[in-house]
Amino acid sequence: MKTLSTIILAALLLSLSSCYESLEERARREAREFTEKYCPTPPQNNVITDSLVFDPATRTQKYYLTFTGLIDDSAALAEHAPDIREELLEAVRGNTAMKAYKEAGFNFEYVCRSQKDPSRILLHIVYRPRDYAAPERPVTSN
């Protein structure tokens with residue numbers, strides 16, 4: 001009887017473990033579902049999201065975007081690149097939907113192309129955990 005209960009317990013554990021989805025599998029599935037459901041997105045602030053892809057080899061969420069209108073200008077982007085990078089970094093830091101991925105140390109990559117010339121990459125940014133980790137706050141005494 002003890003052997004039978006052990007076999008049943010083992011079978012139950014195996015069946016439950018087969019339902020488990022790793023974080024990498026979840027990231028891949030969510031990226032695919034987002035792309036299928038929403039992409040390409042309508043332009044928002046002159047940005048179209050073309051697709052979201054997860055690369056398990058590098059543990060990177062890759063966002064492929066197209067810049068339109070006023071920001072489809074390499075000279076203007078070059079002039080404002082530091083501000084754009086910082087704003088995008090703050091968006092990554094503040095995005096609660098990315099929380100599990102950030103805690104797991106995923107990378108976030110943004111490849112931004114020109115609508116006028118799709119072969120041209122206007123901006124390419126990769127944020128790694130050391131980039132988006134919360135900056136240390138000074139300790140203050142009262």
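Helix α2 (residues 23-38) lies across β1 and β2, running at about 155° to β1, while helix α3 (residues 74-94) lies across β2, β3 and β4 and runs at about 30° to β4. The model is predicted, so local features need pLDDT of at least 70 and side-chain atom pairs count only at pLDDT 80 or more, whereas totals for chains, interfaces and linings use all residues. Residues are numbered from 1 along each chain as its sequence is written, and side-chain values use heavy atoms, with hydrogens and water left out.

Helices (H or I, at least four residues) and strands (E, at least two) are DSSP runs numbered from the N terminus; angles, from 0 to 180 degrees, are taken between the N-to-C directions of axes fitted to C-alpha atoms, for helices over the stretch in contact, where contact means heavy atoms within 4.5 Å.

The open sheet has 4 strands in the order β1-β2-β3-β4, with mixed pairing, two strands being paired if DSSP finds at least two bridges between them. Because β1 (47-55) and β4 (121-127) each have a single partner strand, they stand at the edges and one side of each is left without a neighbour in the sheet. Within the sheet, β2 (residues 60-67) and β3 (residues 107-114) pair in the parallel sense over 8 bridges, and Tyr-64 stands opposite Val-111 in β3.
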